[in-house]
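I opened the notebook to look up pockets and helix packing in this model. My notes follow.

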Amino acid sequence: REPLSAPAPGEAPSGPRAAPVPPYPDPEAIGRLAGWIAQAERPLIIASNVGRLPAETEALARLAERFKLPVVAHTPRYLCLPTDHPMHMGFDPGPFLAEADLILVIESDVPWMPGVKAPSAAARIAHMGADPAFLRYPMRNFRSDLSIAAAVAPALEALEAALAARAAIRQTAEPWATRPARIASSDAPHITPEYLSRCVGEMAGPDGVIVNEYQLRPDYCARTRPGTYFAISPAGGLGWSVGAALGAKLAAPDRFVVATIGDGGFVFANPTACHWAAEAHDLPIVIVIFNNCRYAAVRNATLSMFASGASGRENGLGLADLSPGPPFDKIAAAHGAFAVRAEHPDELPAVLAAARTAVLEDKRHALVNVITPY
């Protein structure tokens, strides 16, 4: 404490330090990419870290619709593309990689898992973003035939203009890809994560903000407006979403905010601190726990490597079993929250609606402890 309290030698910095302006897209590189897309029969866009600014989502939506370019939002951290957009092909690039002859990767550090499924060797690959090669990563070796360093929105706007002069045929072409059908039903004997994801999207409404750690299934959760979906970044960790949601509510007090998190993640989040912060600082949010009484990430990673050994014989639960689960709803109630446990599909919509009412009308935070085996 003493050194930290001592006067700092020298003078303080004399002025602000402006952040560097992102590079403008190179016209020659944009022109080359436009030519490739115009020639392609099965082009594909894979986007991840797109949508931090609404202009990025709007530019991608306009480009994809105008030139019939299928888009996969792979592990998105923002709303890359509205989920009801006609060219939104879902969140898994796997079904399209083998057929695509041109792939444009936008702000994605891991656009696919090469050991699982990779593009055709004949496909052209282009990367676009502020740092398309991710040079700060110690290891990254995704193939790239063209890399364009630029902010996303200006780059996509420049690409749209370049394509307009080259790809008139694409504007009338039929899309080569179709989105796989996804149905989240309430007919299962228990609440599935897919059905829960659908209900969370309906509870949030088109303007609500969803802060998702891992558990929400974006394929089943309708999000149509920029700024309504935020997911964990590579710098995040277990427990991130609740603190991030509290921060979102602090920054936008008039927005309805939902945090989705697993039971293991919520333990990492320090529930007592989260409830205290929500109550002490008047930050009414809804916390939805996807409770499967296990560390699913640990279990899945273990079984992917050692399913044939001792870990497989005990179903991967050796270091992942969290039963009996903590009474998250009772802990939340002790902090003045609206808190309830949901176990059956037919009760879920009403429970989530009650949580929304508690936030919007009673101005207190809410927690819904949803038992969802998976």
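**Entry 1: second largest pocket.** I started here, keeping in mind that the model is predicted. I found 17 residues lining the second largest pocket, with Gln-215, Tyr-295, Ala-296, Ala-297 and Tyr-374 nearest its centre. Its space comes to about 310 Å³. I then asked which helices each supply at least two residues of this lining. They are α8 (263–268) and α10 (296–306). Of the lining, α10 gives the most, namely 5 residues. I sorted the lining of the second largest pocket by class: 7 nonpolar, 6 polar and 4 charged.

**Entry 2: largest pocket.** Next I looked up the largest pocket, which holds about 830 Å³ of space. It is lined by 24 residues, and His-74, Thr-75, Pro-76, Phe-91 and Tyr-214 are the closest to its centre. Its lining splits into 13 nonpolar, 4 polar and 7 charged residues.

**Entry 3: a helix pair.** I turned to α3 (residues 54–66) and α5 (residues 152–164). Their axes lie 8 Å apart, at an angle of about 20°. Angles under 35 degrees count as roughly parallel, so α3 and α5 are roughly parallel to each other. I noted the crossing of α3 and α5 as left-handed. Which residues make the contact? From α3 I listed Ala-55, Glu-56, Ala-59, Leu-60, Arg-62, Leu-63 and Arg-66. From α5 I listed Val-152, Ala-153, Leu-156, Glu-157, Leu-159, Glu-160, Leu-163 and Ala-164. By class, this contact of α3 with α5 has 10 nonpolar residues, 5 charged and no polar ones.

Terms used. Residues numbered from 1 in each chain as written. Predicted model: local features only at pLDDT ≥ 70, side-chain atom pairs only at ≥ 80, totals over all residues. Heavy atoms only, no water. Axes fitted to C-alpha atoms, helices over the stretch in contact; angles between N-to-C directions. Helix = DSSP H or I, 4+ residues; strand = E, 2+ residues; numbered from the N terminus. Parallel < 35°, antiparallel > 145°, perpendicular 65-115°, else oblique. Left-handed = near helix turned anticlockwise from the far one by under 90°. Contact = heavy atoms within 4.5 Å. Nonpolar A, V, L, I, M, F, W, Y, C, P; charged D, E, K, R; others polar. 1 Å grid on protein atoms, 1.4 Å probe; cavity = no way out; pocket = protein on both sides within 12 Å on 5 of 7 lines; lining within 4 Å. Points joined across faces, edges and corners; volume = space filled by probe spheres on them.
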